[in-house]
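Me: Please take a close look at the aromatic side chains in this model, and at the sheet and core around them. I would like the criteria spelled out as you go, in one connected account.

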Amino acid sequence: MAPEINLPGPMSLIDNTKGQLVVNPEALKILSAITQPVVVVAIVGLYRTGKSYLMNKLAGKKNGFSLGSTVKSHTKGIWMWCVPHPKKPEHTLVLLDTEGLGDIEKGDNENDSWIFALAILLSSTFVYNSMGTINQQAMDQLYYVTELTHRIRSKSSPNENENEDSADFVSFFPDFVWTLRDFSLDLEADGQPLTPDEYLEYSLKLTQGTSEKDKNFNLPRLCIQKFFPKKKCFVFDLPIHRRKLAQLEKLQDEELDPEFVQQVADFCSYIFSNSKTKTLSGGIKVNGPRLESLVLTYIDAISRGDLPCMENAVLALAQIENSAAVQKAIAHYDQQMGQKVQLPAETLQELLDLHRVSEREATEVFMKNSFKDVDHLFQKKLAAQLDKKRDDFCKQNQEASSDRCSALLQVIFSPLEEEVKAGIYSKPGGYRLFIQKLQDLEKKYYEEPRKGIQAEEILQTYLKSKESVTDAILQTDQILTEKEKEIEVERVKAESAQASAKMLQEMQRKNEQMMEQKERSYQEHLKQLTEKMENDRVQLLKEQERTLALKLQEQERLLQEGFQKESRIMKNEIQDLQTKMRRRKACTIS
């Protein structure tokens with residue numbers, strides 16, 4: 001179970017000093033420790049519109065984000081508060097309160113546009129907070145949304161047609177919630193009652209016409225319709241008499257307007273139940289470290305004078321995550337081999353089998369933790385490192401076997417060497433005694449366990465080094481005839497040649513085993529890669545289907561609006577025609 005990150009209060013995530021946006025390192029440390037998926041709710045709006053009050057409510061606190069009580073913008077930059085999600089176990093709710101837009105003291109629309117764009121890029125739910133009704137003035141104040149195509153890119157190489165590129169925003173833009181504060185009108189249109197959502201849709205209707213005035217009227221509405229696939233609206237009554245608004249954070253709910261208290265509760269309930277986990281293309285859920293990477297990538301792009309690009313941010317994140325995935329995979333391999341391998345292994349195949357199992361598990365760890373591995377560079381890097389690990393283990397195994405066998409030979413054959421030095425075998429019949437003792441010791445050597453793959457080679461090398469001693473004992477044995485000695489010399493040579501041939505065959509077998517292992521590793525990597533690519537393809541198709549469905553839904557809505565408008569026009573024309581016919585009929589009768 002991941003540890004909970006529960007900040008006692010908000011802290012600055014992005015400082016805004018003299019128009020420069022700078023990341024707060026302390027906030028990044030907090031994000032880097034959040035291993036849970038995050039739900040990110042950002043609120044944006046004109047300064048002094050009560051954004052911080054709503055964010056405190058989402059945090060479940062009366063105090064936290066500074067409300068302020070004057071006409072000055074209080075929050076500067078973007079502030080963050082991380083709390084356990086009240087309705088999603090094992091999730092962290094990240095609340096982002098932004099600097100008020102349109103601060104007359106700052107007077108920097110470009111800086112405001114970057115704050116607006118960052119809130120869009122970092123959040124999974126974007127709350128736009130404004131005062132009063134959705135009228136043309138409110139739309140004019142929301143001109144920041146029309147700047148998004150000049151502030152954000154979805155792809156590193158966008159299409160020449162900007163509209164096509166901006167349509168791609170729908171695949172990663174957050175859900176849109178418009179909160180209307182101090183709303184005093186009746187929710188109705190053409191004499192019919194409206195829900196807040198219907199009121200929002202009604203307010204976003206486009207006007208027909210091609211004049212500059214019509215274009216300016218439609219532009220923010222069109223951007224909201226196109227960019228945000230899911231839209232929601234909440235209206236809030238005035239919470240208390242205006243003279244007491246400065247004390248809002250100190251007042252109990254019982255002291256506020258009951259309607260306002262219920263409206264705030266409905267808003268919080270909706271956000272908790274409907275705000276999605278922050279997700280990147282490919283269905284990658286964002287946790288604290290990933291959100292940290294996004295913040296750094298976007299701020300770095302803005303600082304360089306570039307446009308923040310979702311595709312580049314995901315690729316930069318992929319570089320970090322895939323490097324970490326390689327390290328996790330290698331660590332898993334080292335752990336498994338460290339637990340299972342006892343050097344020297346009895347056979348090369350035993351070691352290769354253990355490697356193959358650990359290699360497969362390590363690759364699975366990599367696949368689980370990696371994404372967007374372009375051209376499979378990181379998987380290839382992992383495969384190369386695992387190959388080197390295997391070769392290192394084989395070398396260590398060979399060295400361990402050599403050391404073990406050399407030590408055994410020293411223990412087993414040193415008494416024989418001492419007897420030779422003492423001249424025990426330099427007598428008639430000594431050669432046969434020597435050979436018998438040698439064979440007994442060889443048998444004892446073979447019976448020792450865990451000698452490893454160098455057992456035969458080390459023994460034969462040792463025996464070969466003692467050939468001169470053996471020949472000296474043979475030649476000094478007076479019982480043996482010259483003919484017997486010649487036969488014995490030939491026998492020893494034949495045995496030596498046979499042992500050499502056996503060792504050569506063993507070396508060839510080992511090489512074949514290594515080649516077979518390399519082929520198995522390649523095929524295993526290929527299989528896992530194919531499965532990963534298929535899963536990615538399925539996920540991509542789902543995303544494309546979702547994006548297409550959202551676009552079709554929006555087109556259908558626009559067509560329906562156009563149809564309804566045409567129907568109204570036709571109905572009016574029919575009514576006008578019927579009126580004219582009645583008048584003509586009346587004139588004819590008269």
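Reply: The account below begins with the chain as a whole, goes on to the sheet and the core, and then turns to the aromatic rings and some backbone details.

This is a predicted model, in which local features need pLDDT of at least 70 and side-chain atom pairs count only at pLDDT 80 or more, while totals for chains, interfaces and linings use all residues. Residues are numbered from 1 along each chain as its sequence is written, and side-chain values use heavy atoms, with hydrogens and water left out.

The secondary structure of the chain comes to 17 helices and 12 strands, where helices (H or I, at least four residues) and strands (E, at least two) are DSSP runs numbered from the N terminus. Of its 590 residues, 44% are buried; buried means under 20% relative accessible area, exposed means over 50%, and partly exposed lies in between (1.4 Å probe, protein chains only). Among contacts in the chain with a separation of 6 or more, 74% are made by residues 24 or more positions apart, a contact being heavy atoms within 4.5 Å.

Six bridges connect strand E3 (residues 38–45) with strand E5 (residues 92–98), and these two run parallel; two strands pair if DSSP finds at least two bridges between them. Within this pairing, Ile43 has Asp97 of E5 as its bridge partner.

The open sheet is built from eight strands in the order E2-E1-E4-E5-E3-E6-E7-E10, with mixed pairing. Its edges are strand E2 (20–23) and strand E10 (231–235), each of which pairs on one side only. From one strand to the next the twist averages 20°, with axes taken as lines fitted to C-alpha atoms, for helices over the stretch in contact, and angles running from 0 to 180 degrees between N-to-C directions. Helix H1 (residues 25–32) packs on this sheet, where H1 touches strand E1 (11–17), E2 and strand E4 (78–84), and the direction of H1 makes about 145° with that of E1.

The largest nonpolar core has 72 residues, of which Phe116 and Trp178 touch the most other members. Helix H3 (residues 109–122) gives the most to this core, contributing nine residues. A second, separate core has 26 residues, including Val39, Ala59, Val177 and Val264. A nonpolar core here is a set of buried Ala, Val, Leu, Ile, Met, Phe, Trp, Tyr and Cys residues joined through side-chain atoms within 4.5 Å. Once neighbours within four places in sequence are left aside, the contacts of Trp178 include Tyr128, Ile134, Met139, Leu200, Ile224, Lys232 and Phe234.

Trp178 also belongs to one aromatic cluster together with Phe116, Phe126, Tyr128, Tyr143, Tyr144, Phe172, Phe173, Phe176, Phe227 and Phe228. A pair of aromatic rings is described by the distance of the centres and the angle of the planes. Rings of Phe, Tyr and Trp (its six-membered ring) pair if their centres lie within 6.5 Å, and planes under 30 degrees apart count as stacked, those over 60 as edge-to-face and the rest as tilted. By this rule the count comes to 21 aromatic pairs.

One of them joins Phe183 and Tyr199 in an edge-to-face arrangement, with 5.6 Å centre to centre and 70° between the planes. This pair links distant parts of the chain, 16 residues apart, with Phe183 in the loop between strand E7 (175–181) and strand E8 (188–189) and Tyr199 in helix H7 (residues 196–203). Phe183 is buried, at a relative accessible area of 7%, and Tyr199 is buried at 10%.

Phe234 and Phe267 form another edge-to-face pair, with 5.5 Å centre to centre and 90° between the planes. Because Phe234 lies in strand E10 and Phe267 in helix H9 (residues 258–274), this pair ties together parts that are 33 residues apart in sequence. Phe234 is buried, with a relative accessible area of 10%, and Phe267 counts as buried at 1%.

Some backbone details remain. Asp182, in the loop between E7 and E8, has a phi near 55°, a positive value in a residue other than glycine, and Asp182 is buried at 16% relative accessible area. Arg450 likewise has a positive phi of about 55° although it is not a glycine; Arg450 sits in the loop between helix H14 (430–447) and helix H15 (455–465) and counts as partly exposed at 30%. A cis peptide bond, with omega about 0°, joins Leu343 and Pro344, and Pro344 is placed in the loop between helix H11 (310–340) and helix H12 (348–369).
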